[in-house]
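Subject: Structure handover and notes

Hello,

Please find the structure below, with the sequence alongside. My notes come after it.

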Amino acid sequence: MARNKTIFKEDILEAAEQFLIEKSAKELTARALSKYMNISTQPLYAEFQNMNALRTELFDRIYDKLENELFLTQTHEDPIINLSLNYINFACKNPKLFSTIYLEKNGSTNMSINNFSYNLFRRIIKDSPVYSKLTEAQVHMLLTGTWVFSTGFANLIASGNIKSTESEIISFLKATIHDVLKVDIIK
């Protein structure tokens with residue numbers, strides 16, 4: 001008689017995400033994850049062809065959560081400031097996961113977080129009367145400028161090196177956006 005399946009793909013992905021939060025992506029192996037879940041490696045390989053397939057689905061799941069649960073939370077009327085504040089808050093509340101996603105270049109490809117961030121940025125500004133008419137070069141400059149600012153600020157706050165109020169962060173973000181949009185882009 002065949003055994004009933006008790007471990008499903010969703011269970012493995014949830015455990016792998018928690019593993020990333022508690023440990024690191026470098027430690028995420030079939031053996032380490034199965035030990036973490038207190039199971040054999042067999043259920044992992046029953047659901048995923050290999051660890052690369054698991055990692056791809058895991059990071060796709062994390063990107064989906066970031067977009068739909070965290071980054072699109074409405075905190076400010078300006079979509080770029082809104083995204084930046086959510087990004088900074090995520091980094092401060094989840095420093096290990098933030099580091100895994102944004103600083104260690106994990107995911108299905110080294111460019112996946114860059115593509116995810118650019119596509120999300122593009123989507124949030126497409127309907128904005130202020131940003132929708134920008135050229136691709138301006139969008140790229142604006143993404144780069146606000147991403148650099150937000151990452152730096154997030155790291156400084158998360159490490160305890162600075163303490164800033166949300167209104168101070170918003171003021172800095174507005175100045176960053178203003179300055180980036182003033183830059184004359186050389187073609």
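Predicted model: local features only at pLDDT ≥ 70, side-chain atom pairs only at ≥ 80, totals over all residues.

Residues are numbered from 1 along each chain as its sequence is written, and side-chain values use heavy atoms, with hydrogens and water left out.

Cavities

The search was run on a 1 Å grid over the protein atoms alone, where a cavity is a set of points at which a 1.4 Å probe fits but cannot get out, and lining residues have an atom within 4 Å of a point. Grid points are joined across faces, edges and corners, and a volume is the space filled by probe spheres set on the points. Across the whole structure, two cavities of 30 Å³ or more turn up. The largest cavity holds about 150 Å³. Its lining is made of 13 residues, and those nearest the centre are L83, Y87, S117, L143 and W147. Two or more lining residues come from each of α5 (79-93), α7 (112-125) and α8 (136-158); helices here are DSSP runs (H or I, at least four residues), numbered from the N terminus. The lining of this cavity has nine nonpolar, four polar and no charged residues.

Aromatic rings

Rings of Phe, Tyr and Trp (its six-membered ring) pair if their centres lie within 6.5 Å; planes under 30 degrees apart count as stacked, over 60 as edge-to-face and the rest as tilted. By this rule there are 13 aromatic pairs. One of them is Y87 with F98, an edge-to-face pair at 5.4 Å centre to centre and 75 degrees between the planes. Y87 is in helix α5 and F98 in helix α6 (residues 95-103), so this pair ties together parts that are 11 residues apart in sequence. Y87 is buried at 6% relative accessible area, and F98 is buried at 3%. Buried means under 20% relative accessible area, exposed over 50%, and partly exposed in between (1.4 Å probe, protein chains only).

F153 and F172 have ring centres 5.7 Å apart and planes at 50 degrees, so the pair is tilted. This pair links distant parts of the chain, with F153 in helix α8 and F172 in helix α9 (residues 166-182), 19 residues apart. F153 is buried at 9% relative accessibility, whereas F172 is partly exposed at 45%. Ring pairs also join F71, Y87, F90, F98, Y102 and W147 into a cluster.

From first C-alpha to last, the 15 residues of α5 reach 21 Å, close to the 21 Å expected at 1.5 Å a residue. The expected span is 1.5 Å times one less than the number of residues. Of the 15 residues in α5, 12 are buried; among them are L83, L85, Y87, I88 and F90. The cover over the buried residues of α5 includes α4 (51-71), α6, α7, α8 and α9.

α7 has 14 residues and reaches 20 Å, close to the 20 Å expected. Its buried residues include F116, S117, L120 and F121. They are covered by parts including α4, α5, α6 and α8.

Largest pocket

A pocket is an open set of points with protein on both sides within 12 Å along at least five of seven lines. The largest pocket has a volume of about 270 Å³, and R3, N4, K5, T6, I7, S40, Q42, P43, A46 and E47 line it. By class, that lining has three nonpolar, four polar and three charged residues. E47 lies in helix α3 (residues 42-47) and is buried at 17% relative accessibility. Apart from its neighbours within four places in sequence, E47 is in contact (heavy atoms within 4.5 Å) with K5, I7, F8, K9 and I12.

I169

I169 belongs to helix α9 and is buried at 7% relative accessibility. I169 and F149 are 20 residues apart in sequence, with their C-alpha atoms 9.9 Å apart in space. Leaving aside neighbours within four places in sequence, I169 is in contact with L85, I88, F149, F153, I157 and S164.

Regards

Definitions and conventions
Nonpolar A, V, L, I, M, F, W, Y, C, P; charged D, E, K, R; others polar.
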